[in-house]
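Subject: Structure handover

Hi,

Here is the structure I promised to pass on. Please open it beside this email and follow along.

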Amino acid sequence: MLSTVMVEAAARSRRTIWMTLIGVVLAVVAAFAAATAVGPETVVAVINASIRGAIPIALGAMSGIFSERSGVVNIGIEGMMLMAAYVGFMINVGLSYGSVPAALQAEPVRLGLSIAGGVLVGGLMGLLHALLTVRFRVDHIISGTVINTLALGLTGYLYLPGATTGGRLPPAVTSPLTPDAGLFYWVGEIVLEKGLITYLTVLLIIVFTIALFRTAWGLRTRAIGEHPRAADTLGINVHRLQYLNLFFSGCVAGLGGVFLTLEAVGTFERGMTNGRGFIALAVMIFGKWHPLGAAAGALLFGFATALQGQLQFFNIKIPHQFVGMLPYLLTVIVLAGFVGRARPPAHSGKPYDVE
Amino acid sequence: MPTDEIVLEAIDICKQFPGVRANDHVNLSLHKGEILALLGENGAGKSTLMNIIYGLYHADSGAIKVKGREVTFVSPREAIHSGIGMVHQHFQLIPVMSVADNVVLGEEVTRGVLLDQTEAARRVRELSQQYNLAVEPGAIIEELPVGMQQRVEIIKALYRDAEILILDEPTAVLTPQEVEDLFKIMRDLSDRGVSIIFITHKLKEVLAVAHRIVVMRGGQVVGSALPAESTPESLAALMVGREVLLRVHKEAARPKDVVLEVANLSAHDDRQHPALRKVSFEVRSGEVLGVAGVQGNGQTELVEVLTGLRHGDSGQVRINGKDLTNASPRAVTSASCGHVPEDRQRFGLVGDYTVSENLVLNSYFEPPYAAPPSWRTLPLVAVLFAVPAIAIFAALAALWGEIQRLVVWPLVLSLFGITDVEAASRDAMKGPYLIELVETVVVALVLGYVAARLAFWLVNWVSKRGPAAGQTPRAGLVFNHTAVDAHASGLVAEYDIRTPSVETPGGSLSGGNQQKLVVAREFGRRPRLLIAAQPTRGIDVGSIEFIHQQIVAQRDAGAAVLLVSAELDEIMALSDRIVVMYKGEIVATVDAGAVTREQLGLLMAGAHAEDVLRSRPAASAA
Amino acid sequence: MLSARIVRGVGLPLLSVFTAVIIGGIFIILAGYDPIAAYQGLLDGAFGDAASLTRTLVKMTPLVFSGLAVAFGFKGGLFNIGVQGQLIMGSVTSAWIGFALPVDLGDPVLSTVVHVFLALLAGAVGGALWGAIPGLLKAYTGAHEVITTIMFNYIASNLISWLLYAGSPAEGIPPGLLNDGNGVIARTPSILQTAQLPVIYDPPGPQALHLGLFLAVIAAVFILFLMNRTTFGFELRMVGLNSPAARYSGISVKRITVLTMVISGALAGLAGAMQTLGVNYRYEPNQSLGLGFDAITVALLASSHPLGILVSAFLFGAMDAGGTRMQFNSGVPTEIVMVVQALILMFVAAEQIIRMIYRIRGKAEVGQKLSTGWGQR
């Protein structure tokens, strides 16, 4: 019986790999077909817009995984992102004033501090969520709502219309290739020419995957999300680990937020996260609480978002409001189709009392 | 074998929980290599004591010494480091992870920052071989049988170099054969110098394996004994504090017509594995059919399919001759079937509902409490409510408007000394306007509330009118609380439910009284068919005796009773006939009088019926 | 026993509000404003004179309905964050019946009664349908209502913006189906005179008190009656408290789930209709911005008790009404009100914090429970 189970599991994972491969091949073929139809500029633009749309969602989903794997439902990702986006932006604004020492105004220092500040604030919001849910036993969903409302209120309250900065993150790597290089040029346009946070995100996904499944921290985190009492009886401090992981969760969401204001858009607007934190949760479920699955889901959503901006290239006459619905509709469909197929961490959303 | 060296001592331990003195000056000592049985009923304080020793609880006073050294454990971590391991009654294993992951959790083997899973598996295999446990490190916990999971728990303790092993009710979930295997492992461990505290309430097991017995009752140690000098009866008296009826008195059954008929029933469990395979049996009026089997062999699913909580794949269920295959729970209930569910917290009651509400949990829609659920009539009711409410409000408001214009407004103006409204300045008018507004709003709110209450009363009155005497009320949307409370008072008295009042939330009663509440609700309807799943799990002896008597009384009153229980003693004591389930199949159907405990144990473990029952003459002779 | 209940039901919420106001004051000081002037402006703008109080009461009206919508979901174990979306759908449907369906029955009073009733019904139906979709998804696929309802908020606002799109005459793009054809602003035509909610009290100033407030009171009593006295309410609460037990007792959990969302959506739709039929007399974008989210705090502050919601909605209506005066008098942005509201929500949900600050003895009870896991129930 055991062996059949293992064979089944092996077959499942082989199937997943095959499905992924087929998906990649199909995507590449589709990209080529589209390139011949509308020209490579458009295809590359759509792909780049997809990536740009995917990064905050992938980070949000990662934040969700950190928190749910340790047993806490986090619907406050939206607020954490928004808060971090605001703080990152405001630090950037502050350090761009003429009166600030030139050493701080230098691009790497200024943007580095902005990113760090945003991420830290995200982490603090994560700690607030931990404090409310772990220490004060507030329902996880209500606590998340508190964080979202607080972020919306505070950022609106402190919002300075018309604030300007010394500029956003430049591409971390510039492509040395020219259009003469043909296909390589276009590949370079996709792989290179991205800002720091994009590369950081890719790195984070890989590191997080390894950490979650191959380190002692990951084993313990998964354990407290599944069966905190079992971990407790083995002397693992469940609540301390939850605080730690929610801090991480907030930091990662914060990185998603500063991506918006420091890399993608460059300015802050009220409520600019626009539901990305919630979409990220759907992506997390779609990805079966696995960082790689979530990353794939995020790309899908990035593509849906990218269509909004790029559809005019394809000469399709759909009212833009319907295109605007696409990511949200997709979220609902994904949620309806995938919930129940995958098993969430068993203890997610329930308070745990140490006796 | 026990030696003279004392490895663990609990001295004068006290622990108070709100309302309960869980441990009251408890003293206990454990020798090296000894198997010490800690005997006591549920709630006697055994588990509390062990949780204190293991660092999960903190004693209010008293001391613990390990190998003569006094220790204070803030968490299990320190207890583990002092060489204490515990196998909890509810296994503390993570179902989706592998054996090796579960064993190393908290004490991981790492190479750099990464886990060394090969080394972990090697160590688990080594321990498994050393103690003959036959556990495969790569297996996923939830795929393993219960007995195997228990061995993983033991390996977890041994991996942490435990010299003192606490086993909390380890036999509750095992077949008699698995119990034998466990005892062998325990003796093995004891021979190698591991000391064991064996917590149980099963008398025969204590006599079979323990070197020494300590009995607890009501939070105190009430005595100790040696197995050689004890009998089940003497231990039972010590444990409960009075003579216990180990057998239920009942007359021979007089079965009549068939009430429940199950044919070729198959179903899947939550994880989509087959749980029932072509199960067939029947239960007659006036008999108790016991379903024996180790937990997890399809009994839960069987009851769920019969009561409409789970969808069966194929086969047929007939109750009182009516086809109720995959019928809704409500259809089953109204076919005169009572159901005492296995998980009373989950299914049996709503903790926040009062005792009286819980007692009508599945009959609230029937007369005299109310009429059938009326969601279809909801829009009608809303209109029925809104139209009179608004009409009444409008009439009252118009009336008040006149009063205000003619009486109140002039009064307010005179109060401010304003005679000519047109001539008055804006600032002077602020006060009168504000007063008038406040007055308008307050009066209108009161009128609105009055109008709504009148409409409320109207809907109630309309819904109760209409049908002739004896018929169901037409749209009895409104609860008749008087009838509900009267019904509750009757049952509380009849079934001896200890509750401050019928308005108390059901969740605040003790386990035994919650179960009596469920039993009262289901038995009180005098059903033709009674399905009782684990009716006495986790409750005190007094309540057990009471519920057993009630089951027999129902049988004698002509009900057909299907009794599912993991307690072999309960099955043996109450059943007239017994079916044994193994891996979703019924492997044997026997008369209760013609089978021994040992034979049932073999059948529950999957032995072939022909082999087991052929030896019947010999078994009954012995 | 009774005093403990008073502490829980009245004392703790009051202290929560008080503490949130104090912390809000600290935020005001930190941003360099004068908190006394700010709160003075807030109080003045909310209760200072008849016009201000009227504004408070008018702002309170939709909050009662939307608060009831959230509370009704809570009782059935659902967290309807989609009140905002259901509310704007209700606003638009009621506006549509209000301007597109002429009702003339000869007698103006009779015409008004019928037309207002139909327009309100349209609002309720619009909200109910929009709430039914997440309800169905929850019941039949297990998609969690917290996410789907939020997504339907965004979908609703896109849909409305398409329906009301002003078009661009210069580029030859036609306006949306429900636009009044002004070519600039995305809004519906004005509703007919007969569809306007009758005015009960008209003080000097722009705002008049309309019938809606009293409909809100009647609705609150009705919901109270429905939840506590009827078999339907018994079933609804049972599903919310313990859905396996509800299944055991023969209740169709799916049906109750859908129905809970339908009624909750209908109440939200009515909240939107109040704004359209009683205040703006047409649907304009942003006429009820944030109402659906305030509703969550309103419901939690009242522990989901319908009559308590009347009180907490009054409080929130006052904060909204006074916000503008506050900004005018002291320069503090109105968003500080939202910060204070978030803090109130936090303290109400974590009553232990309040108990700690004010040394109130007694055991903190676990508040509203909503996290039911992601799957089907």
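**A glycine in a loop**

Start with B:Gly193, which lies in the loop between α6 (176–191) and β10 (195–200) of chain B. Helices (H or I, at least four residues) and strands (E, at least two) are DSSP runs, numbered from the N terminus. The model is predicted: local features need pLDDT of at least 70, side-chain atom pairs count only at pLDDT 80 or more, and totals for chains, interfaces and linings use all residues. Residues are numbered from 1 along each chain as its sequence is written, while chains are lettered from A and ligands numbered from 1 in the order in which they are written.

Which residues does B:Gly193 contact, leaving aside its neighbours within four places in sequence? They are B:Lys32 and B:Gly33. Contact means that the C-beta atoms of two residues, placed from the backbone, lie within 7 Å. B:Gly193 and B:Gly33 are 160 residues apart in sequence. In space, their C-alpha atoms are 4.3 Å apart.

Is B:Gly193 buried, partly exposed or exposed? B:Gly193 is partly exposed, because 13 other C-beta atoms lie within 10 Å. The cut-offs use C-beta atoms placed from the backbone: buried takes 20 or more others within 10 Å, exposed takes 12 or fewer, and partly exposed is in between.

**The two chains**

Chain A has 14 helices and zero strands. Of its 355 residues, 50% are buried. Take the contacts in chain A between residues at least 6 apart in sequence: 77% of them join residues at least 24 apart.

Chain B has 21 helices and 22 strands. Its radius of gyration is 33 Å, well over the 25 Å that the globule rule gives for 622 residues, so chain B is more spread out than a compact globule. That radius is taken over C-alpha atoms, and the rule is 2.2 Å times the number of residues to the power 0.38. The C-alpha trace of chain B spans about 110 × 65 × 50 Å along its principal axes. Buried residues make up 45% of the 622. For contacts in chain B between residues at least 6 apart in sequence, 68% join residues at least 24 apart.

**Strand pairs in chain B**

Two strands pair if DSSP finds at least two bridges between them. Begin with β1 (residues 6–17) of chain B. Eight bridges join β1(B) to β2 (residues 20–31) of chain B, and the two run antiparallel. There, B:Leu8 has B:Leu30 as its bridge partner. Five bridges join β1(B) to β4 (residues 61–66) of chain B, also antiparallel. B:Ala10 stands opposite B:Ile64 in β4(B).

Now look at β11 (residues 212–217) of chain B. Four bridges join it to β3 (residues 35–39) of chain B, and these strands run parallel. B:Leu36 stands opposite B:Arg212 in β11(B). Five bridges join β11(B) to β12 (residues 220–225) of chain B, running antiparallel. In β12(B), B:Ala225 stands opposite B:Ile213. β11(B) and β12(B) form a hairpin with two residues between them. In the turn, B:Gly218 has a positive phi of about 55°.

**A six-stranded sheet**

In what order do the strands of the open sheet in chain B run? The six strands follow β18-β19-β20-β15-β21-β22, with mixed pairing. The edge strands are β18 (337–340) and β22 (585–591) of chain B, each pairing on one side only. The twist averages 15° from one strand to the next. Four bridges join β18(B) to β19 (residues 529–533) of chain B, which run parallel. B:Gly338 has B:Leu530 as its bridge partner in β19(B).

Two helices to find here are α17 and α19 of chain B. α17 (residues 541–556) lies across β15 (288–292), β19 and β20 (560–564) of chain B, at about 150° to β20(B). α19 (residues 597–604) packs on the sheet, touching β15, β21 (577–582) and β22 of chain B. Its direction makes about 30° with that of β21(B). Axes are lines fitted to C-alpha atoms, for helices over the stretch in contact, and angles run from 0 to 180 degrees between N-to-C directions.

**Where the chains meet**

The contact takes 18 residues from chain A and 24 residues from chain B. On the side of chain A that touches chain B, the largest share, five residues, comes from α9(A).

Best wishes
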